[in-house]
Every structure is written in structure tokens, then in C-alpha cells.
Amino acid sequence: NLPSCTYGAPHASTTERAFAVWVLARTGAAKSSFIESIYTKRSELPLFGKAMLADAAFIGKSGHGPALLQELMNASKETARDVHFEEGSNERWSSYWSSDARTSAIVLMTLVDMQPNHPYVPKIVHWLSTEKKNGRLRSTQEAAFALMAMTEVVRAKEREPADFNATFALGSKAL
């Protein structure tokens, strides 16, 4: 039972439900029946909602992950150096803090979970790293999701813990 998540709406939207199912899956409480009900309405979802649903389907072993992943890959924007994903009209999804960088990061998390050696992984990483302006992404949402996606990449690619010593300093004082 998911209560209203938006102003004046009597029910949660399909997008809000996809986000909730994704959070449940990421916290170890994937619900196959929830995934099934949203999968039948996936045409209503923005790309970030499909990516969240695909990730939840993969984690929850519902079987719909590969089909959703293919739908996402079909929407990719590829150049020789990078890949990213565009929602089309960011204004439509602005109330969900949507942006192309955030959507690309969510797709990257999903792709790394499902196919960590996919050739798009480094291309999406490259696009996200060059999307920064003056060393920053445009919003906290973009930065948070990009950081989560990069963390997934590191977890998948670097199985062995790093063996190094680090020193942190503030000015000339070692912390």
C-alpha cells in the first residue's frame, strides 16, 4: 500500500512505484509481485523509472531484467567516446529531480549490476565524468546518483581491495 507521493494525487504514479520497488530491492526486500504489476505498465515510465525497474527485476530475480535492459540500451545516445541517456523533456520529469546525468547514472548502476563487462560501462563513465562543469554536476541529485553509479563500477571492476597508504592534509597539517 503506497500512499500518495505528490500534491493532490490520490494514488502514487507508476514512476513513484518503480522508485519504491527499486529502493526495496536495493535494501534487500525485493517484491516480485510489485515488479510484475509495474512491468505491465512500463510504457508509462521515463527512462530512469525503467532503469530502476530493471535493476529491481535483476536483484529480485523476476526475469524481466533483460527485456528492460534492452529497452534502455535501445534509447542510448552513443558517440565514439561516450554513451548517455536523455529523457527527452526534462521539464516533464523535473518534479522527480530528473536530468540526463541522473538518468545516465541510474542506467549505469543497472548495467553494472546486470552486465558489468558491457562495452557501454566505460563509455557512460566517461560521459558522466565529462558532464561536470567547473568540477561539479548541476545538482545534488546528479552528484548523488553519479557517485552511487561510480561506486557500483568500482565494486564490480575492482574485486580485490586496494593496497595503499593515504595521508589527508588540511593545508600543511596532516589529518
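Student: Which helix is glutamate 36 found in?

Tutor: Some housekeeping: this is a predicted model, in which local features need pLDDT of at least 70, side-chain atom pairs count only at pLDDT 80 or more, and totals for chains, interfaces and linings use all residues. Residues are numbered from 1 along each chain as its sequence is written, and side-chain values use heavy atoms, with hydrogens and water left out. Helices (H or I, at least four residues) and strands (E, at least two) are DSSP runs, numbered from the N terminus. On that numbering, glutamate 36 belongs to helix α2.

Student: Is glutamate 36 buried, exposed or partly exposed?

Tutor: Buried means under 20% relative accessible area, exposed means over 50%, and partly exposed is in between (1.4 Å probe, protein chains only). Glutamate 36 has a relative accessible area of 34%, so we call it partly exposed.

Student: Leaving aside neighbours within four places in sequence, what is glutamate 36 in contact with?

Tutor: Contact here means heavy atoms within 4.5 Å. Histidine 64 is 28 residues from glutamate 36 in sequence, yet their C-alpha atoms are 8.4 Å apart. With those sequence neighbours set aside, glutamate 36 is in contact with Ser62 and His64.

Student: Around the axis of α2, what arc do the buried residues cover?

Tutor: The buried residues of α2 are Ile35, Ile38 and Tyr39. They sit on the same side of the helix because they cover an arc (taken from the directions from the helix axis to the C-beta atoms) of only 100 degrees.

Student: And which elements are included in what covers those buried residues of α2?

Tutor: One of them is α1, residues 14-26. Also in that cover are α3 and α4.

Student: Where does lysine 61 lie?

Tutor: Lysine 61 has a phi near 55 degrees, a positive value in a residue other than glycine. Its relative accessibility is 72%, so it counts as exposed. As for its place in the chain, lysine 61 lies in the loop between α3 and α4.

Student: Seen down the axis of α4, within what arc do its buried residues fall?

Tutor: Helix α4 spans residues 65-74, and its buried residues are Gly65, Leu68, Leu69, Leu72 and Met73. They line one face of the helix, because they fall within an arc of 140 degrees.

Student: Which elements are included in what covers the buried residues of α4?

Tutor: Two strands take part, β1 (76-78) and β2 (83-85). The cover also includes the helices α2 (32-39), α3 (47-59), α5 (100-114) and α6 (120-130).

Student: How does α5 lie relative to α7, parallel or antiparallel?

Tutor: Axes are lines fitted to C-alpha atoms, for helices over the stretch in contact, and angles run from 0 to 180 degrees between N-to-C directions. The axes of α5 and α7 (residues 140-157) come within 8 Å and cross at roughly 20 degrees. Angles under 35 degrees count as roughly parallel, over 145 as roughly antiparallel, 65 to 115 as roughly perpendicular and the rest as oblique. So α5 and α7 are roughly parallel.

Student: Does α5 pass α7 in a left-handed or a right-handed crossing?

Tutor: A crossing is left-handed if the near helix is turned anticlockwise from the far one by less than a right angle, and right-handed if clockwise. The crossing of α5 with α7 is left-handed.

Student: By class, what does the contact of α5 with α7 have?

Tutor: Its residues include Ala105, Ile106 and Met109 of α5, and Phe145, Ala149 and Glu152 of α7. Ala, Val, Leu, Ile, Met, Phe, Trp, Tyr, Cys and Pro count as nonpolar, Asp, Glu, Lys and Arg as charged, and the others, Gly among them, as polar. The tally is 12 nonpolar, 1 polar and 4 charged residues.

Student: What does glutamate 152 touch, not counting residues up to four places away in sequence?

Tutor: Glutamate 152 is in helix α7. At 10% relative accessibility, it counts as buried. Its partners are Arg26, Met109, Val112 and Asp113.

Student: How does α5 lie relative to α6, parallel or antiparallel?

Tutor: Their axes come within 10 Å and cross at roughly 155 degrees. That makes the pair roughly antiparallel.

Student: How many helices and strands are in the chain?

Tutor: From the N terminus on, the elements run α-α-α-α-β-β-α-α-α-β-β. That comes to 7 helices and 4 strands.
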